[in-house]
Amino acid sequence: MSHEVEVHEVRLVGEADWIAAVDICRVCRIELDAVIELAELGLAALRGGSMQEWQFPAAALPRLAMAARLMRDLGVNASGAALAVELLETQRELERRIRHLERLTD
Amino acid sequence: MEYRDYYKILGVARTATAEDIKKSYRRLARKYHPDVSKEKNAEEKFKEVQEAYEVLKDPEKRAAYDQLGSGWKSGQQFRPPPDWASGFEFRGGARPGGGGGAHAFEEEGFSDFFSSLFGGASPFATSPRQRQQAGRDHHARVDIDLEEAFGGGTRTLDLKRPELKTDGTVELRARTVRVTIPAGVTDGQLIRLAGQGEAAPGGGRTGDLYLELHIRPHRLFQLDGRDVTLTLPIAPWEAALGATVTVPTLGGTVEMQVPPGAQSGQKLRLRGRGLPGQPPGDAYVQLKIVLPPASSPEARALYEDMRAKLAGFDPRADLRR
């Protein structure tokens, strides 16, 4: 049976926000070691002195989540996932530019 | 409910080895993975493949599934037999090979066929003992229109949340969440709904729900951060002589001056007319000169007159430098 929930509290996660590494692991369903490896591969910045204090920029969550899905679903390792995420982002940016140029030439 | 032929979905024979099944899953997952695929219905196909692999990769689930017999066809009406799963031994008294609660989330979106055999109250389902004490945060993608990103809006989401039943089993409970999307969100923006993730069976902290907003491509506007670009067709005389033109923006139409001597591709800026924010984005109008066709004698005469009177104009002068 479905029931309706009215949600009033919506918080924008801004560019200045940071998310604890442990929360990133929970959201992305990924081990801490893998998140750290993705960060070392340049997929996200990491701050904090100790493991308990480690945080990632909130803006990096979508790309970390994508990398986690690729690792989990396709069986690629962290290096492969990081490479794939960066290539997919480049592809999407190029597709966006192509769509824009096509509008000028159509 | 309809029977699902998991072997057919993975494109393997009923006698396939575990290695064959894994290889086929990897190939199909690569083809239909929503993050990389451009196939039609990729997400739906990927879920089918995931569901089939979830069963066939696990020897106990596969054996139970095989027990149904090979006489079924995909799409055929199906009901689990009353003695379903009896006679099986389950490791740890719960889901065989289960990796804890993570699977419950992955199984969202699986078919009723799967749920009736391997989910909910079935002996294959995740044991509450295996679940974590705190509820997980959930992460979902929501596609919105550019107009919603500009002006905000309300979006109703159908979600499924695993909940503990009184008999100790876990079932996916459907719920509807109404979310207010603030004005000025950008593509890829995250919003957090505190306490709307997974409930913790032990009364621990309920997870949060993170929504990743994606703005659909717009018919007129291209989005880049908070800036929007509109390609504006103009007539040659408007470009040559200058003109006041009416331009659509996200906030409504505005009058804009095209300077004399404007060129195709030239960008004009309407400050603050992009997505709201601190600071707000700008709207860029990229001019595109559209030639009237020389389809009537009068139009042809005009073009011939231009050729005669503008004989000194060489659009390819730069090529000879």
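## Close-ups of two sheets and a chain contact

**View 1. β7(B) and β11(B) run parallel, held by seven bridges.** Here "strand" means a DSSP run of E with at least two residues, numbered from the N terminus, and two strands count as paired if DSSP finds at least two bridges between them. One bridge to look for joins B:Leu232 to B:Leu287 in β11(B). A word on what you're looking at: this is a predicted model, where local features need pLDDT of at least 70, side-chain atom pairs count only at pLDDT 80 or more, and totals for chains, interfaces and linings use all residues. Residues are numbered from 1 along each chain as its sequence is written, while chains are lettered from A and ligands numbered from 1 in the order in which they are written.

**View 2. Zooming out, that pair belongs to an open sheet of four strands in chain B, ordered β6-β7-β11-β10.** Its pairing is mixed. At the edges you'll find β6 (221-224) and β10 (267-270) of chain B, each pairing on one side only. On average, neighbouring strands of this sheet are turned by 30 degrees against each other, direction ignored; the axes behind such angles are lines fitted to C-alpha atoms, and angles run from 0 to 180 degrees between N-to-C directions.

**View 3. A second open sheet of four strands takes in both chains, in the order β2(A)-β4(B)-β5(B)-β1(B).** The pairing is mixed here too. β2 (11-13) of chain A and β1 (138-144) of chain B sit at the edges with a single partner strand each, so one side of each has no neighbour in the sheet. Neighbouring strands are turned by 30 degrees on average, again ignoring direction.

**View 4. Up close, β4(B) has antiparallel pairings with β2(A) and with β5(B).** The pairing of β2(A) with β4(B) goes over three bridges, and A:Arg11 has B:Arg192 as its bridge partner in β4(B). Between β4 (residues 190-193) and β5 (residues 209-215) of chain B there are four bridges; B:Leu190 is partnered with B:Glu212 in β5(B).

**View 5. Where the chains touch, 37 residues of chain B are in contact with 31 residues of chain A.** Contact means that the C-beta atoms of two residues, placed from the backbone, lie within 7 Å. On the chain B side, the elements that each supply at least two residues include β4, β5 and β7 (227-234). β3(B) gives the most, with seven residues. That side of chain B divides into 14 nonpolar, 13 polar and 10 charged residues (Ala, Val, Leu, Ile, Met, Phe, Trp, Tyr, Cys and Pro count as nonpolar, Asp, Glu, Lys and Arg as charged, and the others, Gly among them, as polar).
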